[in-house]
Amino acid sequence: MSAPRKAAAPRRSLLRRLVPGPLLSLALLGLWLLLNRSLSAGHIVLGSVLALAVPLVTAGLRPLPVRIRKPGTVLRLALTVMADTVQSNLAVARLLLMPGRRRHPPGFVHIPLDMRDPNALAVLAMIVCITPGTAWAELSLDRSMLLLHALEVDDPATMAADIKRRYEAPLIEIFESAAARDA
């Protein structure tokens, strides 16, 4: 009985090599058909060829595979980001509509980072960039320091601590294993 399982393993790895991103391939095929607004055989064949070829050609550009460890933390982080984005939108609107009521000057904030996972860093970059009033300015070569620009900076140390607590800590919990953090 173990022989069929051994024979299935190489087939599965061959299939994984030929179709490295099955969901991406399906999405590309669906997008192709939607953009062409056609379900003709020619569009299905051409879309399938592109849907299989694009992930193969771009496989080297994809980040490391992601294994999300704490789905509950993902939800909490998403809710935090949504609330912070709404709050930041209101603050930026206040600055634009009443520039004379600026509370603090703009500035740069250095944030020491404990996480090193490239996927977690990418998510942090997206969070910072979608939050109005902040922009990811620079990441040190060793990925230990983030330079962030903010439209209003009262206390840089407090802002850095808030970002570490609200975003970095959950991202570490989600993306990095205890062994990877200790290494």
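So, Pro-112: in strand E3 its bridge partner is Met-145. Strands here are DSSP runs of E with at least two residues, helices are runs of H or I with at least four, and both are numbered from the N terminus. Before I go on, this is a predicted model, where local features need pLDDT of at least 70, side-chain atom pairs count only at pLDDT 80 or more, and totals for chains, interfaces and linings use all residues. Residues are numbered from 1 along each chain as its sequence is written, and side-chain values use heavy atoms, leaving out hydrogens and water.

Okay, back to the strands. E1 (residues 107-112) and E3 (residues 145-150) run antiparallel, with 6 bridges; strands pair if DSSP finds at least two bridges between them. Gly-107 sits opposite Ala-150 in E3.

Now the whole sheet: it's open, has 3 strands, and goes E1-E3-E2 with antiparallel pairing. E1 and E2 (134-139) are at the edges with a single partner strand each, so one side of each has no neighbour in the sheet.

What packs on this sheet? Helix H5 does, touching E2 and E3, and contact means heavy atoms within 4.5 Å. H6 packs on the sheet too, touching E1 and E3.

And the two helices? The axes of H5 (residues 118-130) and H6 (residues 156-175) come within 10 Å and cross at roughly 145°. Those axes are lines fitted to C-alpha atoms, for helices over the stretch in contact, with angles from 0 to 180 degrees between N-to-C directions. On the H5 side, the residues meeting H6 include Val-123 and Leu-124; among their H6 counterparts is Tyr-167.

Notes
Buried means under 20% relative accessible area, exposed over 50%, partly exposed in between (1.4 Å probe, protein chains only).
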